[in-house]
Amino acid sequence: MKVGDCIRLSEKAVCVYGFSSDTGLIVDRVPQLTYSAADGYPDDLLVLINGKVELMGFAIEKECEVINE
């Protein structure tokens with residue numbers, strides 16, 4: 001996944017985050033706040049969803065699909 005991708009979140013992710021929509025737009029990738037990239041952790045994602053930019057952990061990539069390709 002990359003900046004600019006439109007994604008569809010799984011029902012589980014929508015429920016956990018409390019969103020009313022299951023589609024979002026990746027607007028940026030940000031370095032891990034807790035762990036460093038040197039430890040092997042990928043960047044977190046900033047996603048525009050429900051009219052707000054939300055910080056989501058890298059694990060969200062397993063709970064969504066890219067729908068713009």
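Visitor: At 25% relative accessibility, does Glu63 count as buried or partly exposed?

Guide: This is a predicted model, and in it Glu63 counts as partly exposed, because its relative accessibility is 25% and the buried class means under 20%.

Visitor: Which side chain does Glu63 meet in a salt bridge?

Guide: The general idea comes before the case. Side chains of opposite charge can pair when their charged atoms come close. Here the partner of Glu63 is Lys12, at 3.5 Å from N to O. The pair links distant parts of the chain, 51 residues apart: Glu63 sits in the loop between β4 (52-56) and β5 (64-66), and Lys12 in helix α1 (residues 11-17). Lys12 is exposed, with a relative accessible area of 55%.

Visitor: How many salt bridges does the structure hold?

Guide: There are 5. Among them is the one between Lys2 and Asp5, where the closest N and O atoms are 3.2 Å apart. Lys2 is partly exposed at 46% relative accessibility, whereas Asp5, at 3%, is buried. Another joins Glu54 to Lys52, with 3.6 Å between the closest N and O atoms. Glu54 is partly exposed at 22%, and Lys52 is partly exposed at 49%.

Visitor: Which residues form a nonpolar patch on the surface?

Guide: Leu25, Val27, Leu48 and Val53 form it, with about 280 Å² of accessible area together. Leu25 belongs to strand β2 (residues 23-30). Its relative accessible area is 33%, so Leu25 is classed as partly exposed; patch members need over 30%.

Conventions: Residues are numbered from 1 along each chain as its sequence is written. This is a predicted model: local features need pLDDT of at least 70, side-chain atom pairs count only at pLDDT 80 or more; totals for chains, interfaces and linings use all residues. Side-chain values use heavy atoms; hydrogens and water are left out. Patches are made of residues with over 30% relative accessible area and no salt bridge: like charges are joined within 9 Å, nonpolar side chains (Val, Leu, Ile, Met, Phe, Trp, Tyr) within 5 Å. Accessible areas come from the Shrake-Rupley method with a 1.4 Å probe; for residues, only the protein chains shown count as cover. A salt bridge is a side-chain nitrogen of Lys or Arg within 4 Å of a carboxyl oxygen of Asp or Glu. Helices (H or I, at least four residues) and strands (E, at least two) are DSSP runs, numbered from the N terminus. Buried means under 20% relative accessible area, exposed over 50%, partly exposed in between (1.4 Å probe, protein chains only).
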